[in-house]
Amino acid sequence: MNSLVPRFGDGRDWWFAHRYGMFVHWGLYSLHGWHEQEQWRRRVPRSEYQKLQAQWNPVKFNPEAWLDLAQEAGMEYLCVTTKHHDGFCLWDTKLTRYNTMNTPYGKDIVRQLADACHKRRFPLCLYYSIADWHHPNYPNQGRHHEIPAQPEDSPDLLAYTEFVRGQVRELCTQYGELHGFWWDMNVDLHRDPSINALIRQLQPKAVINDRGYDDGDFGTPERDYESKVDFARRVEACQSVGMESWSWRKGEDYYTDRHLMRSIAKFRARDANYLLNVGPKGDGTIPTESAGIVRRLGKWYHTVREAFDGTTPCTELSANKSILLTRKNNTLYVVCHTDLVGSALKLKPLTLTPTRATLLNTGKPVSFSLELAPSDHVEHEGYLRLTGLPTNELSATVPVIKLEFDHPLPTTPFAKPEGVASLSEPGEVKRPGDVRIR
């Protein structure tokens, strides 16, 4: 498999073979169905919010159903919130009583998920929030993603860090093989590389993100943020099906299928991983609306995923900035992650003739031409054009076109492919069908 970003060269390389995952935000906040940061955003006193612990009883939680949905949609790993900012833990931790075992439910959520994932050999990653609105040692000061200091608090960053270290050890020793650790909200920006070193020692296959105690293994652009993403390093983008919340929200406003398809496409075509989030209800079931979105995206993803799996980004081969390109051997994939404005798509300066062009979304052939177009009269060159595209029929999806060539593809926009005839001389009119690149 080709990749632009460097491999790890160890057990973490599973990450390059499993590029699309399911993110799950679930916890006490799911009971009210408003937002995963309900305690902070609604200014709920800690003494009031923590009463939700007595209501935690997700009797319909079935990890197999979660995994069935993920696999049906083409997802290949799972990341679940073991402890979000509210501090409630979904596993049998011995370091705080604020956990799922001390509830009417009384069962270890992480244990059930880990067992289900191991049975299917489905990689499991664990999310952990460094910010904690419940633990008395966490230095809450009312900064972003923090509640105001509470009278019962005894802020002690070093003591809290040791609490985190102890919980990391629990998660990395009690649940079998883990494939990732997903930190969040290091508000204090406290650095302690020894914590990630502990994860690597106990779980050598685990990839670690960049929101924790050092720079980690990969960057984590969130929602639609991408303006400063460094694709020269490893990237895992994350997005939720809901516009307002990552956890389940009653009356949620959902993104359109096409918006999410575009989001997936624009990262996957740049050699990045992608986590799509759903928020189960308080009873443990994934909402019908969320499951429907995931399934519909899965139908699209299954038809076009060959453009992303095992390919190398090569968008620089075309001056057309409305598309993204990937390649695999002599095959080029055209990913139309923005609106197609017409029935033709020009791949200037490519003048290679494909042997076959296929719209992966439908499996139908695509017409192509190298004839001189009026808009190219200055260069007097016929560039590769994909014509007769069913643009209106594709307006609700992200089209991907597969181009197969007899000749090797160039490595740069102006390179001549091996074994291909010389470029045309200035003023020479190229015949349709000539195999060249300009």
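Modeller: A domain here is a stretch whose bounds come from an automatic or database domain assignment. Keep in mind that this is a predicted model. For the protein chain, the assignment gives domain 1, residues 13-306, and domain 2, residues 312-404. Their centres, taken over C-alpha atoms, are 38 Å apart.

Now to the interface itself. How many residues of domain 1 are in contact with domain 2? Twelve residues of domain 1 are in contact, and they touch 18 residues of domain 2. Together the two domains bury about 1300 Å² between them. Carbon and sulfur atoms give 59% of that area. On the side of domain 1, three residues lose the most area to domain 2: R262, A269 and E306. Together they account for 43% of what that side buries.

The rule finds three salt bridges across the interface of domain 1 and domain 2. Look also at R258 and D339, whose side chains meet in a salt bridge. The N to O distance there is 2.8 Å. Polar contacts across the interface of domain 1 and domain 2 come to seven residue pairs, with both residues at pLDDT 80 or more.

Which helices supply the side of domain 1 that touches domain 2? Helices α7 (257-268) and α8 (288-304) each supply at least two residues to that side. Helix α7 gives the most, with five residues. By class, the touching side of domain 1 has five nonpolar, one polar and six charged residues.

V341 lies in the loop between β10 (331-335) and β11 (345-346). Is V341 buried or exposed? V341 counts as exposed because its relative accessibility is 83%, and the cut-off for exposed is over 50%. F368 comes 27 residues away from V341 in sequence. In space, V341 and F368 are 17 Å apart, C-alpha to C-alpha.

For contrast, turn to R46. R46 is found in helix α2, residues 46-49. With a relative accessible area of 5%, R46 is buried, because buried means under 20%. The side chain of R46 reaches the backbone oxygen of W133 at 2.8 Å. Beyond its neighbours within four places in sequence, R46 has several contacts, including H134, N140, E152 and D153.

Note on methods. Residues numbered from 1 in each chain as written. Predicted model: local features only at pLDDT ≥ 70, side-chain atom pairs only at ≥ 80, totals over all residues. Heavy atoms only, no water. Helix = DSSP H or I, 4+ residues; strand = E, 2+ residues; numbered from the N terminus. Buried < 20%, exposed > 50% of the residue type's maximum accessible area, 1.4 Å probe, protein only. Contact = heavy atoms within 4.5 Å. Buried area = accessible area lost by both parts, 1.4 Å probe. Salt bridge = Lys/Arg side-chain N within 4 Å of Asp/Glu carboxyl O. Polar contact = N/O pair within 3.5 Å; in protein donor to acceptor, adjacent residues only side chain to side chain. Nonpolar A, V, L, I, M, F, W, Y, C, P; charged D, E, K, R; others polar.
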